[in-house]
Structures are given as C-alpha cells and as structure tokens.
Amino acid sequence: MAFSHRSLAPNGVRGDEHSDAHPCVMFERPRMILISNALVFTGQGMKQRDVLIDGETVTEVGSVSAPSGASVIDATGMVLGPGLVDLHVHFREPGQEWKENIESGSRAAAVGGFTAVVMMPNTIPAIDSEEIAREMIAVGRASGRLDLAVAGAITAGRRGDSLSEIVGLHRAGVRMFSDDGGCVADRTLLGKAMSLVARLPGAFIAEHAEDVSLTVGGHMHEGAVSAGHGIAGLPARAEVDVVSRDIDLARETGARLHIQHLSASGSVDLVRDAKFEGLPVTAEVTPHHLALTDQALSTLDPNLKMYPPLREASDQLALTEALISGVIDIVATDHAPHAVEDKAVPFEDAPRGVIGLETAMPLVLEALGGDVATMFERMSVTPARLAAFGRQGRPVAPGEPANLVLFDPEGRFTPGEFESKSSNSPFLGQSLQGRVVMTIYEGGIQDEGTMR
Ligand SMILES: [Zn+2]
C-alpha cells in the first residue's frame, strides 16, 4: 500500500446527541485524503469506488482523480465502510485505571476500527449521577479519538436497592441505562426504572441478564465440560429467566429494552418472539460467544473466563444464525480489561471478563462467512442508531461524516501487543484474518495498522 504519513492532527469531537451540552474542541483541519479503488459500503450495496475526504466530510464517491495536495491511499483489495460502533466497553475510569482508562481504551478502539463506544457505568464510583456522567463525557471528548458516550447505572451505586439519578443522567446526555456487571434483581424496582425511562426521549434499559441466585459459586457454563472439571456451573437458565422477566416488563411499561451479551439459545428464542410481538426489544452478542464454545476450556485458561460464559455448540449456532437474520441486532465486545496479575491465578479465582476491541472485526467477519455488508450493519449502522450517535454508522456517500474504517479482508495478524493496557484476550497469539488498516475519525487518521 502506497502510503506514508502519520502526522494528521487528531480532530475534535463533533456534536452528536451526547455532546450537545459541551463546547467542541477543534484541532487543525486535516488534509484531503483520496482512498482509491476500495470496495465501499455505499448504502446501496458494496461497490468498487474512490472516496475523497475533505476535512471532516466525505465529498466525492465514484471515479475520482486526486486533487493537488491530497494524500492518496491505494486501497485495492480493501474494504471501506463506516467506523465500528461498540455499545459495550469497560474503560475502568474512574477507579481502576491500571487496567484501562479512557485514553488507552480509546486507542484500543481505534486499532480495532471503532469510531464510537458506550462506556459501561460499573466504575468506582459507579456512573450513577449527573455530575460524574458529565465528568466522564468530558474526559472522553478530550481524548479526541472517538465519540464516547457513557451508560448510566439504573440503581444508585449499582447496589440494586434504589434508583440512580436517572433524570439527571439523561440531562447529561446518557441514553443507555444498565447495572452491567450485575443484574437488577428486584423486579419492582426495575419496573419503576423502566416506567421512568419510557418517558425520557431516546432512553433505554440495557440488561446484564443474570439471576445471581443461580450463578453464585459458578465459574463456567453448566454442562458436560464443567462436570468434567468438577467446577460449579452457570446454568443457561440464569440468563433465560431474566430475559423472560424483562421482556414482560418491556410489555408492561413500554420501555425500550436491550439485552446485553446474549449467550444462550433459549434467550435467542425469547428475543425472536418479542420482536414478532412487536415489542421494542433489541439484543447484542459478543465476538467471543460467536467464536468459541465451552470446549475451549480444556486448559482452564483464565482468559476464557467471562460472564455470561462460553456455552455449547448449539448455543453458538443459534447466536450466529440470529445475528445473520437480525434477531440479534448488533455485536458488542464487552471489552473488559483485567491486569495480568488479576488473571494469573487459578480459573476459579480469576475475575470475569476478556478484552475484545482489537480482535472483534475479524471474529465477526468469520462468523458471518465474510459478509462485509452485514458486518457493517451489525457493528456500525444499527448500534449507531440504537445509541443515537448521529455522525456514526452512515453510508459512505457525499456529505456524510468521515468516520470510517479501512480494512484488508485477506490480511492476517496475530494479536500479541495490545493498545489496551490489559492483554486478557482468548485470542492472544492466534492468527486472525481481517486486518484493520486504518481508522478515520472526523477526517483524522487514528491508526494505520502499524500500532500493533
Ligand atoms: Zn455484563
């Protein structure tokens, strides 16, 4: 690839719905970039095109000759589409910045092709007030690498006994409400939250579906593999029961409900039925649940421990089919960094969670059989719409924002060094196909694939 500059200035965050309350930070206007001969997500199918970017905007798509002064990128054999959008990341700020912070998490996102993320509120302290939400949104804006929104906790301190400042959080720009890392066990309290959220424009509940009374003491999916290891299991029912309860609450309250990290085929069936009924229910699946099953746990590698756990081949198949058909709306990474020393312990003692931003795209492409158009729908267009990122998930067309990812679908890479501060990835040292070459945020190049 003929390409040799690294010096474009990072660019300012633009005013999407999440940032209206804050002044934009503007940097030097980037140069013109011509990306030539890429397979482009145009909104009307994948087409071979040249794409000219001038400043923060895509200005021409077609057969374009390079204007003087433009940087030209020969993208023959590569794919260009809207930057990826992840509605489920843990950036550990505030409180556990040695695992990750907004700056390092944003760099990891850029390496993985992401131009927008929603940060979960299970920080220390939890993001449960207007004040702390505003503070974290400002930190994200200062990093200038992507659009960062924060989810707000549903309950105060994520303790599950009283509601958080839901209205104040919404005023700060929060649209997604979740006690992620845990579930709201109290049905009445969650019903109250959902009734409130139903009245707030754009707001929705996101649930980490886990009946803790069924998972306490468990470490992996309850099945033949856990029995073989003599390790207490996490039954699929712990997820399915909560999904069922929450769909009932969506019906009762009219609130939008998003089920996080779906893992069990029984949950897929419930989401399919809810959609058929016309309820405002959406769902996400992680790349690791698409790529792996509990059969991978033979070595008891703590980097394969997460909640929900890797389940069986029948679950993996149901998740994959549901992602293809759209019953599962989006992929979300559940990027959950833990320090090396946290994971350098026996499986039973290890914390739950794996990182995912830098390996997501190739894993999803593989699950989708290389269908790049569906990949962009599930990893950019739909998540951007669900979380109201107005400048994300757009077709590559004249007048659209230059938030883009360029990748080589044939290119291989082996994750070794991560931009994330943590390296708790199940895919460490494995060769993956589908390499992000460049991430462009508001016209500024964030990554050339050389950061790995
Ligand atoms: Zn979760």
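How many bridges join β9 to β10, and which way do the two strands run? Two bridges join them, and they run parallel.

## About the model

This model is predicted: local features need pLDDT of at least 70, side-chain atom pairs count only at pLDDT 80 or more, and totals for chains, interfaces and linings use all residues. Residues are numbered from 1 along each chain as its sequence is written, and side-chain values use heavy atoms, with hydrogens and water left out.

The helices (H or I, at least four residues) and strands (E, at least two) are DSSP runs, numbered from the N terminus.

## The five-stranded sheet

Five strands make up an open sheet with parallel pairing, in the order β9-β10-β13-β14-β15. Here, two strands pair if DSSP finds at least two bridges between them. The edges are taken by β9 (176-177) and β15 (330-331); each has a single partner strand, so one side of each is left without a neighbour in the sheet.

Helix α7 touches β10, β13 and β14, and its direction makes about 165° with that of β13. Helix α8 touches β13 and β14, and its direction makes about 150° with that of β14. Contact means heavy atoms within 4.5 Å. Axes are lines fitted to C-alpha atoms, for helices over the stretch in contact, and angles run from 0 to 180 degrees between N-to-C directions.

## Side chains that alternate

In a regular strand the side chains alternate between the two faces of the sheet. Look at β10: F204 and A206 point one way, I205 and E207 point the other way, and all are buried. Buried means under 20% relative accessible area, exposed over 50%, and partly exposed in between (1.4 Å probe, protein chains only).

Four bridges join β8 to β7 (residues 114-119), and the two run parallel. In this pair, V118 stands opposite A149.

## The zinc ion

Which residues coordinate the zinc ion? They are D180 (OD), H208 (ND1) and H261 (NE2), at 2.0 to 2.2 Å. Donors are N, O and S atoms within 2.8 Å of the metal (3.2 Å for Na, K and Ca); water is not among the atoms, so sites may look incomplete.

Along the sequence, the donor residues are spaced D-x27-H-x52-H. The two histidines link distant parts of the chain, 53 residues apart: H208 is in the loop between β10 (204-207) and α5 (212-215), and H261 is in the loop between β13 (257-259) and α8 (265-277). H208 is buried, with a relative accessible area of 3%, and H261 is buried too, at 1%.

The axes of α4 (residues 187-197) and α7 (residues 237-253) come within 10 Å and cross at roughly 40°. That makes α4 oblique to α7; angles under 35 degrees count as roughly parallel, over 145 as roughly antiparallel, 65 to 115 as roughly perpendicular and the rest as oblique. Among the residues that meet are L190 and M194 in α4 and L249 and A250 in α7.

Finally, find G218 in the loop between α5 and β11 (220-221). G218 is buried, with a relative accessible area of 9%. Not counting residues up to four places away in sequence, G218 touches A232, G233 and L234.
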